[in-house]
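Please walk me through this protein model for a first look. Cover the strands, the core, the charged pairs and a few surface spots.

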Amino acid sequence: MKRLLHYLKKNRREAILAPLFKMLEASFELIIPLIVARIIDTGIGNRDSGYILKMGGLMILLGIVGFASSVTAQYFAAKAAVSAGTAMRNDLFSHIQDLSYREIDAIGTSTLITRMTSDINQVQNGVNMFLRLFLRSPFVVLGAMVMAYTVDVRTASAFGVSIPILFAVVFAILLVSMPLYRKVQKQLDRILLSTRENLLGVRVVRAFNRQQSEMDEFSSDCRSLYRRQIHVGKISALLNPVTYVIINLGIIAILWLGGGQVNLGRLSQGEVIALINYMSQILVELIKLANLIILLSRASASLSRVNSIFEIHSSLGEGSSPLPSAPEPGVPMVAFRNAAFCYGDAGEPSLSGISFEAGPGETIGVIGGTGSGKTTLVNLIPRFYDVTSGSVEVQGKDVRTLCSESLRSVIGVVPQRASLFRGTLRDNLLWGRKDASDEELWRALETAQAKEFVDSKGQGLDLSIEQGGRNLSGGQKQRLTIARALVRKPKILILDDSASALDFATDARLRRAIRENTEGTTVFLVSQRVSTVKNADRILVLDDGHLAASGTHSELLNTSAVYREICESQLTREEMEKDGKKTDF
């Protein structure tokens with residue numbers, strides 16, 4: 001709640017004026033029954049048409065002023081709510097950007113999307129309705145009771161009995177239904193998650209012919225939501241008939257008591273009508289208040305979920321030291337010192353005891369079986385994760401002591417999954433470096449073996465890229481992401497299995513071009529292919545999170561059983577005999 005109040009303080013004027021104008025509208029509404037009473041008693045009773053027209057004109061004037069007050073209140077309420085929602089959404093997005101991969105992995109992408117969209121929208125709607133009704137409804141209820149007692153104390157005693165009963169019934173139903181509404185919201189979140197997973201994985205679902213099973217599972221979730229909504233709906237449905245029964249009993253009591261007062265001459269017919277109108281106003285406002293509280297309970301649950309994300313902080317403490325402009329002589333560009341890493345609550349470490357050094361301009365190949373820790377190893381260099389023990393150094397500095405912006409400004413990363421953004425090709429390439437010239441962009445495309453297919457599109461750097469690069473093939477996307485990294489002219493280039501969709505000939509040309517055009521850059525080549533890493537200056541062989549061996553291709557063929565086993569699965573006997581002397585293990 002403190003966080004929400006913080007956002008509302010930025011729109012303090014609107015948050016104060018909205019309920020004030022609503023109360024002004026309610027004040028005019030409370031005057032109307034008294035005017036109706038005057039029309040009945042004086043105008044109709046005396047058949048004075050002039051008086052009726054005058055009072056009718058006054059009612060119209062009050063209606064116009066009340067309508068203007070209502071519109072003004074809704075404008076201020078909407079402005080305050082939308083501004084608070086926008087600020088909260090922006091802050092949440094910024095907060096998520098500061099989270100490390102560890103926290104994002106633990107929370108889940110679908111959860112973060114739901115919090116930023118559905119939950120903040122619920123909070124925004126709750127704020128809007130709160131500013132409009134939370135003061136107005138109690139004000140009308142209490143005001144109607146006060147006005148009724150000013151008309152006639154004895155007859156208004158019906159209000160003193162029926163109103164407490166109404167409050168008791170309304171809040172009893174709310175106490176039962178509010179927890180059920182929270183369960184409904186959770187079930188709705190489950191359906192949203194299932195929908196997102198199926199839409200994103202629609203190709204996989206169809207490829208494995210799982211449409212029917214997925215539809216059955218979705219139908220089961222929907223039926224569960226239906227049952228919960230029907231259950232809570234039945235309970236909430238009691239609200240209207242019960243309140244109407246109580247109100248009508250109150251009206252009967254007013255007619256009974258008021259009729260006697262009319263016969264005694266202590267009360268006029270118009271005043272009885274005014275009392276009935278006040279009772280009707282109370283009924284309407286109590287129902288509005290009940291619906292508002294239900295809405296606020298949903299908004300409160302959503303606000304709690306949003307706050308739970310704000311309360312999660314990055315496990316990566318921000319360093320303060322800038323990266324040296326150039327490595328000192330003899331200092332390796334990248335060094336792992338007995339580094340180990342474990343994902344979250346995983347029992348076994350993904351990496352352990354990793355030690356090696358990579359100098360400026362050196363090409364390091366990283367190879368190993370699936371799950372051996374190749375991607376994890378290179379993710380430690382730009383500090384996407386922190387080591388659990390040991391250290392990772394760049395230019396002789398522990399990455400944990402470096403400013404993340406300074407560290408990542410010298411690193412070009414091409415992830416396993418090629419990711420492009422909606423816009424033009426130029427927009428995507430400029431992610432590498434904002435001030436890069438068109439000539440530099442074309443040079444990067446040429447090195448990445450992407451210039452030919454870009455030319456064939458006929459749009460040059462203005463080539464339109466759809467979200468996620470949907471209008472490009474897998475190989476085209478990979479080459480463009482490599483070009484984007486090359487635009488940065490990084491000191492450290494990490495290619496994480498980024499050529500898996502390329503044919504062998506294109507892959508070979510790409511590696512040759514990178515070697516020729518990235519002089520002085522330390523390159524990490526992560527791949528499952530022996531052909532990709534065999535010409536590296538040094539190859540790191542990972543096996544179940546351990547550094548099994550390190551050396552050149554020919555050295556490893558003769559010294560590493562793990563590496564030789566990988567080669568035997570990919571190379572012919574003639575190629576292996578050509579590359580290194582065969583040794584029995």
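Four strands build an open sheet, in the order β2-β1-β4-β5, with antiparallel pairing. Its edges are β2 (351–358) and β5 (397–398), each of which pairs on one side only. Strands pair here if DSSP finds at least two bridges between them. Helices (H or I, at least four residues) and strands (E, at least two) are DSSP runs, numbered from the N terminus. Within the sheet, β1 (residues 334–341) and β4 (residues 389–394) are antiparallel and share 5 bridges. Arg337 stands opposite Ser391 in β4.

This is a predicted model, where local features need pLDDT of at least 70 and side-chain atom pairs count only at pLDDT 80 or more, while totals for chains, interfaces and linings use all residues. Residues are numbered from 1 along each chain as its sequence is written, and side-chain values use heavy atoms, with hydrogens and water left out.

**A covered strand**

How many residues of strand β10 (residues 522–526) are buried? The count is 5 of 5. Buried means under 20% relative accessible area, exposed means over 50%, and partly exposed lies in between (1.4 Å probe, protein chains only). Both faces of β10 are covered. Thr522, Phe524 and Val526 are buried on one side, Val523 and Leu525 on the other.

Strand β10 has parallel partners. Strand β3 (residues 363–368) pairs with β10 over 4 bridges, in the parallel sense. Strand β9 (residues 492–496) also runs parallel to β10, joined by 5 bridges. Leu525 in β10 has Gly365 opposite. Leu495 stands opposite Leu525 too.

Strand β9, helix α18 (residues 504–517) and β10 make a right-handed β-α-β unit. Right-handed means that, with the strands pointing away from the viewer, the path from the first strand over the helix to the second runs clockwise.

**The largest nonpolar core**

In soluble globular proteins, nonpolar side chains tend to be buried together. A nonpolar core is a set of buried Ala, Val, Leu, Ile, Met, Phe, Trp, Tyr and Cys residues joined through side-chain atoms within 4.5 Å. The largest such core here has 49 residues. Phe159 and Ile282 touch the most other members. Six helices are named as giving two or more residues to this core: α2 (12–44), α6 (136–151), α7 (157–200), α9, α10 (239–263) and α11 (269–310). Helix α11 gives the largest share, 15 residues.

**Charged pairs**

Side chains of opposite charge can pair when their charged atoms come close. A salt bridge is a side-chain nitrogen of Lys or Arg within 4 Å of a carboxyl oxygen of Asp or Glu. The count comes to 26 salt bridges. The table shows some examples.

| Salt bridge | N to O distance |
|---|---|
| Arg305 and Asp119 | 2.8 Å |
| Lys489 and Glu440 | 3.0 Å |
| Arg511 and Asp507 | 3.5 Å |

Take Arg305 and Asp119, which form a salt bridge. Arg305 sits in helix α11 and Asp119 in helix α5 (residues 109–133), so this pair ties together parts 186 residues apart in sequence. Both Arg305 and Asp119 are buried.

Next come Lys489 and Glu440, another salt bridge. They link distant parts of the chain, 49 residues apart. Lys489 lies in the loop between α17 (474–487) and β9, Glu440 in helix α15 (residues 438–447). Is Lys489 buried or exposed? Lys489 is exposed, at 53% relative accessible area. Glu440 is buried, at 17% relative accessibility.

Arg511 and Asp507 both lie in helix α18, 4 residues apart, about one turn of the helix. Arg511 is buried, with a relative accessible area of 17%. Asp507 is buried as well, at 2%. Salt bridges with shared partners also join Lys22, Glu25, Glu29, Arg136, Glu285 and Lys288 into one network.

**On the surface**

Leu58, Leu61 and Val65 form a nonpolar patch on the surface, with about 220 Å² of accessible area together. Patches are made of residues with over 30% relative accessible area and no salt bridge; like charges are joined within 9 Å, nonpolar side chains (Val, Leu, Ile, Met, Phe, Trp, Tyr) within 5 Å. Accessible areas come from the Shrake-Rupley method with a 1.4 Å probe; for residues, only the protein chains shown count as cover. Leu61 lies in helix α3 (residues 49–98). Leu61 is partly exposed, at 48% relative accessible area.

Asn209 lies in the loop between α8 (202–207) and α9 (211–237). Asn209 is exposed, at 63% relative accessibility. Asn209 and Glu197 are 12 residues apart in sequence and 16 Å apart in space, C-alpha to C-alpha.
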